[in-house]
Amino acid sequence: MKEAKKHIIKTTNLSIGYTSKKKNIVIASDLNIKLEAGKMVCLLGKNGIGKSTLLRTLTKVQNALDGDIYLNNQNLEKFSNLELAKTLSLVFTERLPESSLTVFELVALGRQPHTNWIGYLTNEDMKIIQNAFKKTKTEHLMNSKFYELSDGQLQRVMIARALAQNTSIIILDEPTAHLDLHHTINTFSLLKNLASEFNKTIIISTHEINLALQIADELWLMSPQKFVSGKTDTLICNNELNSLFDSDLIKFNKSLKQFTI
């Protein structure tokens with residue numbers, strides 16, 4: 001019991017995938033993850049390996065095929081939707097539906113799990129929203145329509161909304177997919193700061209592998225053969241990155257701590 005309390009996320013013998021015509025299609029199985037609070041984790045693997053499926057399963061967007069998931073030592077299945085919204089926030093890559101919402105209104109939606117049924121914002125809610133804008137350096141965008149934003153601006157605003165939700169866990173699926181290098185580095189730096197300074201647990205699926213190797217506290221590696229998790233330096237030392245891609249075109253250079261062609 002004492003050990004379990006140290007882990008904000010834990011899985012036991014987790015299998016993920018889909019159910020099609022009453023048949024389970026398993027993408028990955030026997031996933032046993034233990035993650036402490038306040039860490040920045042990067043989930044790495046090639047396209048189609050199941051990264052998004054894993055994140056969606058951990059957040060109850062889709063059901064696990066087998067095994068158990070625990071958040072703060074409580075089984076995920078026992079969380080109500082409201083309890084879950086107060087525990088973790090999501091930043092997925094889907095386009096937002098068309099609307100005339102301002103950036104302030106979009107970020108304020110992050111307070112929905114905490115407000116009463118009419119959505120009234122208290123002074124405390126307003127302080128949290130303002131703080132979310134401040135942390136993401138998006139105060140100047142507050143009165144803009146969200147559809148007027150660039151991809152980089154919108155990504156920071158979506159992170160601000162997750163911060164306004166004030167959860168201990170923030171999960172992001174390919175948050176820099178449409179960003180240039182400058183905005184990609186800024187986004188990673190922001191997320192790293194949220195983990196280290198504000199004790200947020202940040203989980204990111206990304207193809208920015210070399211950047212992830214430099215900035216992540218831990219890595220989750222998905223390959224056709226296995227799933228491995230652990231501290232970045234430990235996984236490098238154990239040669240775990242060598243099998244991340246089954247290709248002769250890209251190799252992991254242990255001395256440089258990055259993939260090279």
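How many positive and negative side chains does the protein chain have, and how far apart do the centres of the two sets lie?

**View 1. Charges across the predicted model.** The protein chain has 31 positive and 26 negative side chains, where Lys and Arg count as positive, Asp and Glu as negative, and His and the chain ends are not counted. The centres of the two sets lie 4 Å apart, with each charge placed at NZ of Lys, CZ of Arg, CG of Asp or CD of Glu. This is a predicted model, so local features need pLDDT of at least 70 and side-chain atom pairs pLDDT 80 or more, while totals for chains, interfaces and linings use all residues. Residues are numbered from 1 along each chain as its sequence is written, and side-chain values use heavy atoms, leaving out hydrogens and water.

**View 2. Helices and strands of the chain.** Look for eight helices and 13 strands in the protein chain; these are DSSP runs numbered from the N terminus, helices being H or I with at least four residues and strands E with at least two. The C-alpha atoms fill a box of roughly 50 × 40 × 40 Å, taken along the principal axes.

View 3. Threonine 53 is buried because its relative accessible area is 5% (buried means under 20%, exposed over 50%, partly exposed in between, with a 1.4 Å probe and protein chains only).

**View 4. The partners of threonine 53.** Beyond its neighbours within four places in sequence, threonine 53 is in contact (heavy atoms within 4.5 Å) with Ile16, Gly17, Tyr18, Ile27 and Gln62.
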